[in-house]
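Please look at the sequence and the structure below before reading on.

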Amino acid sequence: MQNGFLGLDIGTTSIKALVVDHVGQVIFSSNRPLELLTPQPAWAEQDPDGWWEAVQNILHSIPKTIKVQRIGLSGQMHTLVPIERDGRPIRNAILWCDQRTSAECALATKNLGGERQVIELIGNPIYPGFTLPKLLWMRQNEQKNFKRIKTALIAKDYIAYKLTGSIGTDPSDAAGSAMYDVVNKVWSGQLLEKLGLDPSILPPVTPSHAARGLLRTELAKSLGWDRVEVASGGADNAVSALGLGVFAPGDCMISIGTSGTVLGPTNNNVPDQSGRLHFFNHTVEGVSYYMGVMLAASACLNWFKDKLNTSLTYDQIQEKAEKAPIGANGLLWLPYLQGERTPHRDSNARGVLFGVSTMTDEAQIFRAVMEGITFGLRDCFELLKYITKIDRVLVVGGGAKSRLWREMLATNIKLPVIMPAIDEGGAYGAAMLAAIGTGLDVATVGQWQKTASVTD
């Protein structure tokens with residue numbers, strides 16, 4: 001019988017699960033795909049019970065030779081799951097990448113006295129992807145549904161509820177809601193009062209490693225498990241950073257995934273007054289982080305691959321891009337397919353392929369797209385470098401598997417990048433949170449990844 005910690009990551013495209021042992025080695029891995037719903041342009045929704053079905057399938061697939069000691073959670077940030085009194089979702093979840101709420105953001109900012117006052121209240125501007133404007137949109141456009149809301153949850157918190165029957169969230173996810181004062185670490189009563197929102201719909205906040213509750217009795221019996229505790233968990237970016245050992249000032253995580261992020265931990269408690277960088281609470285108590293976000297990173301490459309109707313694999317795309325000259329013969333890609341956050345903060349920004357000529361070929365297009373995304377990440381990196389020190393950079397995500405892309409990134413930021421030996425995203429960090437809750441200290445668990453990392 002192998003003992004292990006289970007990490008569950010509620011992603012946008014899939015549910016990922018890992019079980020790791022007491023030295024951080026993965027002993028079980030599984031995932032289930034998810035369906036993304038787009039009922040209108042720029043809208044993005046999912047069925048929360050689709051997440052739960054996938055989680056149950058994964059739990060029942062864990063071999064009986066593995067004894068799960070504790071469960072940790074990670075999940076997509078900002079996503080609104082409104083539930084009613086019986087615990088059922090009132091409607092589909094509205095996802096982090098949904099852009100329907102620009103008007104609500106502008107009106108809320110105005111009603112709160114302007115952006116400077118908003119940052120003073122919660123540490124961040126109000127973005128269309130955040131949880132607050134989704135609630136305001138429901139109040140304006142789905143009044144009957146809005147009146148039924150008992151609790152407003154975020155993605156992983158709904159799964160925690162289904163696992164335990166207990167309602168709650170953690171500081172890292174609360175910080176991305178635009179209703180939480182990240183400096184004082186409390187729900188902002190002043191903001192809620194000014195916007196006419198009932199604070200009772202917001203869940204209690206407990207540390208990411210703390211217990212949310214025990215696995216429901218009937219579920220535990222069906223799995224053959226006994227008294228398995230579930231940790232509160234955290235927001236995917238923060239949990240992924242923990243999974244890489246990125247929780248100390250000087251460290252930096254760059255993720256080249258569907259979206260792109262550049263994250264740097266800090267012991268400061270001072271938001272970015274310009275509002276260009278997010279300022280959120282980490283999953284490690286006493287630590288916060290600054291983060292720049294691109295809404296479309298490798299999503300741009302996927303989009304071009306689909307529109308060019310090519311059967312090329314991603315390895316073949318890299319081979320083609322390597323054959324194109326640096327600068328792609330002047331071809332430029334602005335990677336704003338879904339608007340942008342950092343540094344432009346414009347939901348109406350759009351992608352541009354500039355410099356096309358009769359000499360343009362497929363290889364140049366792919367290279368230009370990769371270069372454009374890399375420069376977008378550098379935009380974030382330069383802002384982060386200005387506000388906090390950066391000594392060590394770890395790069396993760398699907399794009400990080402490309403040697404060419406890693407070389408582009410290292411050249412742009414003028415620092416070597418480190419490719420972790422275990423790049424399992426939020427699921428690995430969630431398993432770490434489960435372990436920390438058993439009494440293992442953060443420093444010890446953080447060494448799981450550091451001892452495995454290799455410099456690229």
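The text below takes these topics in turn.

This is a predicted model, in which local features need pLDDT of at least 70 and side-chain atom pairs count only at pLDDT 80 or more, while totals for chains, interfaces and linings use all residues. Residues are numbered from 1 along each chain as its sequence is written, and side-chain values use heavy atoms, with hydrogens and water left out.

The structure holds 0 disulfides, a disulfide being a pair of cysteine sulfur atoms within 2.5 Å.

| Cysteine | Closest cysteine sulfur | Distance |
|---|---|---|
| Cys-97 | Cys-300 | 13 Å |
| Cys-252 | Cys-380 | 10.0 Å |

Cys-97 is buried (under 20% relative accessible area, with exposed over 50% and partly exposed in between, using a 1.4 Å probe and protein chains only), since its relative accessible area is 13%, and Cys-252 is buried with a value of 0%.

A search of the whole structure finds 9 aromatic pairs, where rings of Phe, Tyr and Trp (its six-membered ring) pair if their centres lie within 6.5 Å, and planes under 30 degrees apart count as stacked, over 60 as edge-to-face and the rest as tilted. One of them is the tilted pair of Tyr-127 and Phe-130, at 5.2 Å centre to centre and 55 degrees between the planes. Phe-130 also forms a tilted pair with Phe-280, at 6.1 Å and 55 degrees, and both of these residues are buried. Ring pairs link Tyr-127, Phe-130, Phe-280 and Tyr-289 into a cluster.
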